[in-house]
Amino acid sequence: MNAVNDVAEEGAPSGAPDGASRGLSASGHQAADAKGQFSWALFEWARDPYVIIVTIYIFAPYFSSTVVGDPVRGQAIWGHINGIAGFIIACFGPILGAIADTGGRRKPWLIAFVAIMVPAIFALWWALPGGAGLSIFQIALLFITISVAFSFSEVFHNSMLPTVAPHERIGFLSGLALALANAGALIILCFLLYAFMLPGHVDWSFIPEKALFGIDVSQHENSRISAPLTAIWLLVFTLPLLFFTPDVKPKGRIQKRKAVMDGIRRVFRTVRQIRHYRNVATYLIARMFFNDGQTAVLIFGGVYAAGVFHWNALTLTIYGIVLSIFAVGGGFFGGWLDDRFGSKRAILISIGGTSIGIVLAVSMTPTSMFFFLPYDPASPPIWDLPFFRTAPELAYLIVVLIVAICITAAYANSRTMLARIAPVSKMSEFFGLYALSGTATAFLGPELVGFTTSYFQSQRVGFASILVLMLIGLAGMLLVREQRSEAID
């Protein structure tokens, strides 16, 4: 009994009330109360809309096609931006995680990274076509800075999960966070659609005749405004985490320089000892492949639809809204799968569902469905709405909705899996490696799709090539055991 109390007191969350009896978290600290746990999950509501809105649906296509002016060159620049950011993250992510383990507190790091991200995201408002505002180099530098800060914040945020939630709730809380992330993005997308995208395109009485707040659509302000909105959103909704989620107390007073050097030494020691963590290493390698595949699906799903079905910006915005709605359900579905079947089986189900969805997605074209069912493109439209007017388009949308659910579930399950199998005393360090496994080969999916598309001169073959990554990840997961590794001193 005294031993348990000692564990709970040592490194207990700062700000926890004396005599609290909420039980222990998965890492042996005192668990946060319900408000603290929810505030931890709410940080993804604050942060992830940047990725969904700026880097997938709204701003990145605007940057590639309009700011750069050449979609091919724009896509190449976008790839270089992500490659440079991935290299920086690969070099420093594990070290930062080890520093967090050494120094204890996570929230000061989160504050620092949010303080970097907010003004950098806001500054994208001045990304104007033709170099009238920020130069392409300056925009690229902003994106790299944001991407690095985003991933580093993810390391510290993820490493807090086992310290704030009991073991039996980490699956649910991880799924809740992903659901909230997509819900936040959905709210912003719906606002953008109502206020800036639909005006002038439809004569519905509840839609404004022109864009609100003096937004000049001819100057692409309807796309550019997505960056300041997500920056303000991030700033406001980070506050609950800072105020209500307890942090662990530092393990004694430690100098920053010593924390850095100890963190670096711990990373190198972990790498040398990786053979002792073979199960975790196998998982991280498997995740590297299926995570790259999932990211490629998100990046190229809209590109494939735009090329094959000729979807315009309005249709793609609605596409993003619909996917975000179902992705919210995917977060809860992932949490339910994890708690019901365990993390490993949940991941296998999610990867399998995504793989089947890819096959079905590439089976849709304007003239055929499911590869062999012909469709006459001259057939009357299904409805009078200016989007998703044909049966193949609707079928493709339904398939991708299922894929969105599976991908969101897999993201939630992946984080929970590491929280279940990594050594407790090296949690942040392994979450640094987790970030590395998610970014070190971030170029792999896009390059695979780009190469196969060019070689076969077929978008369908290029998009289908993502299956290779998913199946490698699936095979790797079959070798992983769902049991916690013991730390090696």
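These legends accompany close-up views of a predicted model.

**Figure 1. Overview of the predicted chain.** The protein has 489 residues, and 56% of them count as buried. It contains 19 helices and four strands. Contacts between residues 24 or more positions apart make up 80% of those with a separation of 6 or more. The accessible surface comes to about 21000 Å². Carbon and sulfur atoms hold 67% of that surface.

**Figure 2. Confidence along the chain, with the stretch 1-21.** Mean pLDDT for the protein is 79. A value of 70 or more is reached by 81% of the residues. Residues 1-21 have pLDDT below 50. Beyond near neighbours in sequence, this stretch still shows 30 contacts in the model. Those contacts belong to a stretch with pLDDT below 50, and pLDDT is the predictor's confidence in each residue.

**Figure 3. The nonpolar surface patch around helix 10.** Which residues make the nonpolar surface patch of about 460 Å²? They are Phe122, Trp126, Ile232, Leu235 and Val236. Helix 10 spans residues 226-244. This helix supplies the largest share of the patch, three residues. Leu235 is found in helix 10. Its relative accessibility is 47%, so Leu235 counts as partly exposed.

**Figure 4. Ile146 inside helix 7.** Ile146 sits in helix 7, which covers residues 136-164. Is Ile146 buried or exposed? Ile146 is buried, because its relative accessible area is 0%. Its contacts, leaving aside neighbours within four places in sequence, are with Tyr50, Met117, Ala120, Ile121 and Leu124.

Figure 5. Which residues does Asn158 contact, leaving aside its neighbours within four places in sequence? They are Glu44, Arg415, Phe431 and Tyr434.

**Figure 6. The salt bridge between Arg47 and Asp48.** Three salt bridges are counted in the model. One of them joins the side chains of Arg47 and Asp48. The N to O distance is 3.3 Å. Arg47 counts as buried because its relative accessibility is 1%. Asp48 is at 12% relative accessibility, so Asp48 also counts as buried. Side chains of opposite charge can pair when their charged atoms come close.

**Figure 7. A salt-bridge network at Arg420.** Asp338, Asp339 and Arg420 are linked in a network of salt bridges. The side chains of Asp338 and Arg420 meet at 2.8 Å, N to O. Asp338 lies in helix 13 (residues 313-341) and Arg420 in helix 15 (residues 391-421), so this pair ties together parts that are 82 residues apart in sequence. The side chains of Arg420 and Asp339 also meet in a salt bridge, with an N to O distance of 4.0 Å. Asp339 is in helix 13 and Arg420 in helix 15, so this second pair ties together parts that are 81 residues apart in sequence.

Figure 8. Arg420 has a relative accessible area of 12%, so Arg420 is buried. For Asp339 the relative accessible area is 40%, so this residue is partly exposed. The cut-off for buried is under 20%.

Figure 9. How many disulfides does a search of the whole structure find? The search finds zero. A disulfide is a covalent bond between the sulfur atoms of two cysteines. Cys190 counts as partly exposed because its relative accessibility is 35%. Cys406 is at 10% relative accessibility, so Cys406 counts as buried.

Terms used. Residues are numbered from 1 along each chain as its sequence is written. Side-chain values use heavy atoms; hydrogens and water are left out. Patches are made of residues with over 30% relative accessible area and no salt bridge: like charges are joined within 9 Å, nonpolar side chains (Val, Leu, Ile, Met, Phe, Trp, Tyr) within 5 Å. Accessible areas come from the Shrake-Rupley method with a 1.4 Å probe; for residues, only the protein chains shown count as cover. Helices (H or I, at least four residues) and strands (E, at least two) are DSSP runs, numbered from the N terminus. Buried means under 20% relative accessible area, exposed over 50%, partly exposed in between (1.4 Å probe, protein chains only). pLDDT is the predictor's confidence in each residue, from 0 to 100. Contact means heavy atoms within 4.5 Å. A disulfide is a pair of cysteine sulfur atoms within 2.5 Å.
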